[in-house]
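Reader: Can you walk me through this one? Keep it short, please.

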Amino acid sequence: MTLATATKRSAKGASARRGTDHGAWFLVLPALIPILILSVGPLLYGIVLAFTDSQSGRTEPTQWIGALNFQDLLHDTLFWDSFRIGLIWAFGVTVPQFFLALGLALLLNQPLRMRWLARALAIIPWAMPEVVVGIMWRLVYHPDAGVLNETMSDLGLGEGTDWLTGTSTALLAVIVVGVWAGMPQTTVALLAGLQNTPRELHEAAAMDGAGAWRRFRTVTWPAIKPIALAITALNFIWNFNSFALVYVLTQGGPGGRTRLPMLFAYEEAFRYGQFGYAAAMGCVMVAVISVILAFYLVGRLKGADES
Amino acid sequence: MMRTKKSTRTAQYAALAAYLVFLAFPFLWLISTAFKPARELGSLNPTWIPENPTLENFRQAFDEQPLLRAAGNSLVAALSASLIAVVIATPMAYVMARHRNRVSKAATGWVVISQAFPFVLIIIPLFLILKNLHLINSLLGLIMVYVVWSLPFALWMLVGYVRAVPTELEEAAAVDGASKVRTFVSVVAPLLAPGIVATAMFAFITAWNEFFFALVLLKTPEKQTLPVILNRFIGTEGVADLGPLAAAAFLATIPSLVIFAIIQKRITGGMLAGAVKA
């Protein structure tokens, strides 16, 4: 009997495979061609550009200059300043985003009233255009007409702070906006993970007298860990590569205090026309992110094996 | 059901209230600003609720900026991009979900890698390619870019939806001698319809909200989309211009909010289905 099913199955498999080839290609090509021309192609082209002196609006042909862009980049202190700001921003947004979202997800997983309201509100930052998020927070931070300064002065906490243009406050101010804007996705992902946690395990642990913290560590956390890892890794990448929010809030000012690497590269490419140099910056960004993520994921996965 | 202590519950409600305030107050402030007359905006003690609510800001916003044309451009770009994206992504997602061949694996790899690349590395070559095709400052060029950049998410979602469809129906169709394409079109695609609609709506929101590509690729105000026009609005602002700016920003958000409210459940479900099974 086993043999019979086995032969039947393999015969079916073979015919399916023969049938696939043409049909499957026909189904795949409409998406594959645009992907190759407008995504894979440009990615490779972008990496190649980093090794050339390509500039916008120049008449002489573009030349191959080897690693010269990267050598220049190594000594470009402005770029490394921007890179450092980018890392502060990416960690500064991703870490609080995760903990705040975890807190909210744990609350929403409780049988509380008003949960629906929190869920509805959580949609807003997710669905809003980033430009509108930027405009909205400019209104909140506005030195004269903004609600933040108004509230601060009502509480007697000082007044007239120019949040987005003050050199000491600007980066912190944009980080708060970044946290706000990215919280919903993280919350929703974690909440879904929580809802998949087996309830019986919780009850058994409670029966054994485990406190809330112990139950979280031994039951909840192991269940949501894969999702938590994935969403933090993605958040980190998205945050490091983000552009619109900070562009609208500060344009990278004051004096470059919030000039994320993406803003820097954008200006290099489309204000100064240095295509090759900007592409080299892009390559460095990819490389550094990959290294950080590799360490993060390997470290986490090892941690999982040991425990 | 476990019993929770009363003090714990109170703390939980307090924390939830704090979250609600944090999430809601910027949006409420935007709405409040949009309905305030210029005089109140200039006052030293701004209030939450406008004392003399007005629609003047909305009228002024339409007078000062080409909002209608920009909204039209956004609508054309987002609608075309989302429709084309699901039409070409659905068949590919079907193959990716049902066949573990090299193309499927490469496509899955692309979906993941495309998330990690900074847009600046893509936009420069894209700009050069589109320039050679005379598609800079053209909605057509922007639509092409939007289609490709909504594909990773669309494929991710749709692969999840395809996996949820039982294979028996397709096997029956194959026994009846239906070709791969025929099976897909008349058996699988109809079952996917709700997922396809949700994915298209999500792609619509993404394109409607998109800023970076539009900023680089569209040069003249006649062609620019809503987010780019909104951004031009900024920077010139005296206090009196805050009202129109808020009004325009509020209007630009409504389509996204409405659509997102409709599809939210389906999207979050699909996102995780893809994540768990991939």
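This is a predicted model: local features need pLDDT of at least 70, side-chain atom pairs count only at pLDDT 80 or more; totals for chains, interfaces and linings use all residues.

**Fold, interface and details**

Reader: How many helices and strands in chain A?

Author: Chain A has 12 helices and zero strands. Helices (H or I, at least four residues) and strands (E, at least two) are DSSP runs, numbered from the N terminus.

Reader: What is the radius of gyration of chain A?

Author: 25 Å, well over the 19 Å that the globule rule gives for 307 residues, so chain A is more spread out than a compact globule. The radius is taken over C-alpha atoms, and the rule is 2.2 Å times the number of residues to the power 0.38. Along the principal axes, the C-alpha atoms fill a box of roughly 75 × 65 × 35 Å.

Reader: What percentage of chain A is buried?

Author: 41% of the 307 residues. Buried means 20 or more other C-beta atoms within 10 Å of the residue's own, exposed means 12 or fewer, and partly exposed is in between; C-beta atoms are placed from the backbone.

Reader: Switch to the interface. How many residues of chain B are in contact with chain A?

Author: 73 residues of chain B, with 77 of chain A. Helix α12 (residues 242-277) of chain B gives the largest share of chain B's side, 14 residues. That side has 59 nonpolar, 13 polar and one charged. Ala, Val, Leu, Ile, Met, Phe, Trp, Tyr, Cys and Pro count as nonpolar, Asp, Glu, Lys and Arg as charged, and the others, Gly among them, as polar.

Reader: At what angle do α7 and α9 of chain A pack?

Author: About 150°, with axes 9 Å apart, for α7 (residues 170-195) and α9 (residues 212-240). Axes are lines fitted to C-alpha atoms, for helices over the stretch in contact, and angles run from 0 to 180 degrees between N-to-C directions. The two are therefore roughly antiparallel. Angles under 35 degrees count as roughly parallel, over 145 as roughly antiparallel, 65 to 115 as roughly perpendicular and the rest as oblique.

Reader: Which residues make the contact?

Author: From α7(A), they include A:G178, A:G182 and A:T186. From α9(A), A:A223 and A:I227 are among them. The contact has eight nonpolar, seven polar and no charged residues.

Reader: And α8 with α9 in chain B: what angle?

Author: About 140°, with axes 10 Å apart. That makes α8(B) oblique to α9(B).

Reader: Is B:H134 buried or exposed?

Author: B:H134 counts as exposed, with 10 C-beta neighbours inside 10 Å. B:H134 lies in the loop between α6 (119-132) and α7 (139-163) of chain B. Its phi is positive too, near 55°.

Key
Residues are numbered from 1 along each chain as its sequence is written. Chains are lettered from A and ligands numbered from 1 in the order in which they are written. Two residues are in contact if their C-beta atoms, placed from the backbone, lie within 7 Å.
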